[in-house]
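Here are a few exercises to work through with the structure at your side. Try each task before you read its solution.

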Amino acid sequence: MNDKIRTEAVDHMFSAILSLENKEECYQFFEDLCTINELLSLSQRFEVAKMLREKRTYLEIAEKTGASTATISRVNRSLNYGNDGYDMVFGRMKDGQD
């Protein structure tokens, strides 16, 4: 885990996120917290991770998500050498969907 992100402010934000009870509350909170572009970028990376786990090609992923090859590569690096956060979340979701 990267100690640079472990701050009191990040802990406080994560506690707020963990207090959300449903998708509607998530929409309300994240629309206030993030710009539309930030939220779309986060969701794009999540979709890229899902497609990489499905063994889709970079070309397929780029065409479907609009993500750049740099973004796809960055997500792939996280899947292969990161903290297993994507795997943890996908494992908790049925079929990688909600």
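**Exercise 1. Find the helix that holds Thr65, and list the partners of Thr65.**

Step 1. Thr65 is found in helix 4, where helices are DSSP runs of H or I with at least four residues, numbered from the N terminus. The model is predicted, with local features needing pLDDT of at least 70 and side-chain atom pairs pLDDT 80 or more, while totals for chains, interfaces and linings use all residues. Residues are numbered from 1 along each chain as its sequence is written, and side-chain values use heavy atoms, leaving out hydrogens and water.

Step 2. Look for polar contacts, that is, pairs of N or O atoms within 3.5 Å, one able to donate a hydrogen and the other to accept it, with residues adjacent in sequence counted only if both atoms are side-chain atoms. A polar side-chain atom of Thr65 lies 2.7 Å from the backbone oxygen of Ile61. The Thr65 side chain also reaches the backbone nitrogen of Ala67, at 3.1 Å.

Step 3. Leaving aside residues up to four places away in sequence, Thr65 touches Gln44, Glu47, Val48 and Met51; contact means heavy atoms within 4.5 Å.

**Exercise 2. Describe how helix 4 and helix 5 pack.**

Step 1. Two packed helices are described by the angle between their axes and the distance between the axes. For helix 4 (residues 58-65) and helix 5 (residues 69-81), the angle is about 115° and the axes are 10 Å apart. Axes are lines fitted to C-alpha atoms over the stretch in contact, and angles run from 0 to 180 degrees between N-to-C directions.

Step 2. Helix 4 supplies Tyr58, Ile61 and Ala62 to the contact, and helix 5 supplies Thr69, Ile72, Ser73 and Asn76.

Step 3. Sort these contact residues: four are nonpolar, three polar and none charged. Here Ala, Val, Leu, Ile, Met, Phe, Trp, Tyr, Cys and Pro count as nonpolar, Asp, Glu, Lys and Arg as charged, and the others, Gly among them, as polar.

**Exercise 3. Find out what lines the largest pocket.**

Step 1. The lining has 40 residues, and Ile17, Phe30, Leu42, Phe46 and Val89 lie nearest the pocket's centre. On a 1 Å grid over the protein atoms alone, a pocket is an open set of points where a 1.4 Å probe fits, with protein on both sides within 12 Å along at least five of seven lines; lining residues have an atom within 4 Å of a point.

Step 2. Helix 3 gives the most to this lining, eight residues.

Step 3. By type, the lining divides into 21 nonpolar, nine polar and ten charged residues.

Notes:
Helices (H or I, at least four residues) and strands (E, at least two) are DSSP runs, numbered from the N terminus.
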